[in-house]
Amino acid sequence: MGLGEIYNYLFVELSVPYTREWSLIATPYPLMLIIFMYIYFVLYAGPRYMKNRPPYELRTFILIYDVIQILANLWFVKEHISAGWSTEVVFDGIFYMSNCVTRSKLPLNMIKLFDMVWLLGFLKLFDFVETCIFVLRKKQNQVSGLHVYHHVSNLTFFWYYLKYLLDERATFISLFNCAVHVIMYIYYFIAGWSPDLQRLISPVKPFITKLQMASTIYCDDSSYSTADFESQLRIATRNSNYLYWKLTCISVLI
């Protein structure tokens, strides 16, 4: 089997037909290039550029960034709800995560959710700005291996989900993720407005941390079923789904 046939098998035959030709999904190369440029900047080029320069303040830029994150994540929460994730369905989704409820039991707008997840990928790209801010403010200690892995894995699993899985039930995780990020960035915005406000809301910080940890622990204990997957994807992903969900929940919800 030649390289062309291997590529066709891995990235065409095994992929989901609905998203096979989507931008950023059809081939892994664009995201690989973006991820490489991100890692190169935050670990090498950025620190080298800032070595003999004073740190940038970027206070106004950070506040604008926080507002964009709040509004974007709120919009995605609204879109999840309009696509069928009502309170009742959320509880059904929680039941599904623990007991493998079949897809037919969740009245969700699949097409709208899949299209929305594709847009959510661009928000994950925008998340890279956070690390660049750390570099430009000469806070390289915050650019930890876990931090970089978190952002890179978010984008990687986004691509993997749209390329090979595409199960509308999994959007419960993205709904929860966006809701948590709304709370997080509201806190960051208030804390970044002034030192006085930061001290005022400092008692909330442990709650934010516990919320993130709780979401991680819940999803890390969840399982995933592919018993009703169509076509050859059923065979290709069956053995890897449990590991996929473990890694996804840990990385996305940290």
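**Aromatic contacts in a predicted model**

Phe-172 is buried, at 6% relative accessibility (buried means under 20% relative accessible area, exposed over 50%, partly exposed in between, with a 1.4 Å probe and protein chains only). This is a predicted model, in which local features need pLDDT of at least 70 and side-chain atom pairs count only at pLDDT 80 or more, while totals for chains, interfaces and linings use all residues. Residues are numbered from 1 along each chain as its sequence is written, and side-chain values use heavy atoms, leaving out hydrogens and water. The structure holds 20 aromatic pairs (rings of Phe, Tyr and Trp, the last by its six-membered ring, with centres within 6.5 Å; planes under 30 degrees apart count as stacked, over 60 as edge-to-face and the rest as tilted).

**Pair in helix H5**
- Trp-118 and Phe-122 form an edge-to-face pair, 4.9 Å centre to centre with 80° between the planes.
- Both residues lie in helix H5 (residues 110-126), 4 residues apart, about one turn of the helix (helices are DSSP runs of H or I, at least four residues, numbered from the N terminus).
- Trp-118 is partly exposed at 22%, as is Phe-122 at 37%.

**Pair in helix H8**
- Phe-172 and Phe-176 are stacked because their ring centres are 6.4 Å apart and their planes at 20°.
- Helix H8 (residues 171-193) holds both, 4 residues apart.
- Phe-176 is partly exposed at 25% relative accessibility.

**Cluster and charges over rings**
- Ring pairs join Tyr-7, Phe-11, Tyr-29, Trp-159, Tyr-160 and Tyr-164 into a cluster.
- The charged end of Arg-53 sits over the ring of Tyr-49, 3.9 Å from its centre (NZ of Lys or CZ of Arg within 6 Å of the ring centre and within 35 degrees of the ring normal).
- Arg-59 places its charged end over the ring of Trp-193, 5.6 Å from the ring centre.

Note on methods
Helix = DSSP H or I, 4+ residues; strand = E, 2+ residues; numbered from the N terminus.
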